[in-house]
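Hi there,

Here is the structure I promised to pass on to you. Have a look at it first, and then read my notes below.

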Number of protein chains: 2
Amino acid sequence: MNLVFKALSDPTRRRVLQLLRQRPMSAGELSAHFAVSKPTMSAHFSVLQTAGLIEAEKNGRTILYRLKMSVLEDALLAFTHTLGWNLEPKSRDNVTRMAANSRHKLHPAKEEV
Amino acid sequence: MNLVFKALSDPTRRRVLQLLRQRPMSAGELSAHFAVSKPTMSAHFSVLQTAGLIEAEKNGRTILYRLKMSVLEDALLAFTHTLGWNLEPKSRDNVTRMAANSRHKLHPAKEEV
DNA sequence: ACAATTATTAGATAATTAGCTAAATATAGA
DNA sequence: TCTATATTTAGCTAATTATCTAATAATTGT
């Protein structure tokens, strides 16, 4: 859980997760959304991956990153639970909505969400 | 929101929040739960306070810290919302406990995003 | 006024972090 | 094979962080 919270402490990384919510994206595509260098982004991906929040799938010369929502979910629920704050996912149709969302938007370029 | 996530990135500070969930406690009482020096704890309290997660009330020579649950709630819900993950409070007794805990300002200090 | 108590501020340090450029690796296509 | 593309690794720096001890401030009780 500590790794997850450490990963979430950086705004760039939180935004990466938000972008990946829509659909899996390559390192390059993700990087295009930010004003920092690719090596810096690569380091962010590494932090997210070590925390278990994203996973990588190599395809040819690109690497596709995808969000592992369940890990985020587990960490946040565990934490809020220790605060006696019992949250629960509203419903399973998050998943459906997420899938439905994952079309459009080839280049949001700036602020997302 | 960034200050909140930064504050949550340290396990000592998360634990402080958990302790304060039960009841407000003085700096000394909180510090007694940890293996670090009091000045170090004082710095942690400062980070939490700057993030708006706790508030201080000076009483004689002690300082009573209390959790501001609503600020934590706002930040976490805002974040999960950007992930399309709609959480909602489930149990009623948070509310009761929070009410019991304090006069809990309806309008917490604003914080940058 | 003095001593004890509670907590902070000051000042230092070691470790971590986010950022950069340049170089290396791996793959795809001509 | 050569070149372009996609991404990471290496190596560096500046800023931030968590920690410590010592000193200071504020308050209480004798």
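**Helix H2 of chain B**

In chain B, helix H2 (residues 11-22) is made up of twelve residues and reaches 18 Å from its first C-alpha to its last, close to the 16 Å expected at 1.5 Å a residue (the expected span is 1.5 Å times one less than the number of residues). Helices here are DSSP runs of H or I with at least four residues, strands are runs of E with at least two, and both are numbered from the N terminus.

This is a predicted model, where local features need pLDDT of at least 70 and side-chain atom pairs count only at pLDDT 80 or more, while totals for chains, interfaces and linings use all residues. Residues are numbered from 1 along each chain as its sequence is written, with chains lettered from A and ligands numbered from 1 in the order in which they are written.

B:Arg13, B:Val16, B:Leu17 and B:Leu20 of H2(B) are buried (20 or more other C-beta atoms within 10 Å of the residue's own; exposed means 12 or fewer, partly exposed in between, with C-beta atoms placed from the backbone). These four lie on the same side of H2(B), because they cover an arc of only 100° around the axis, taken from the directions from the helix axis to the C-beta atoms. B:Pro11 and B:Gln22, on the other side, are exposed.

**DNA strand C**

DNA strand C is surrounded by 22 residues, and among the closest are A:Gly60 and B:Ser26 (near means a C-beta atom, placed from the backbone, within 6 Å). H4(B) gives the most to this surface, five residues.

Best wishes
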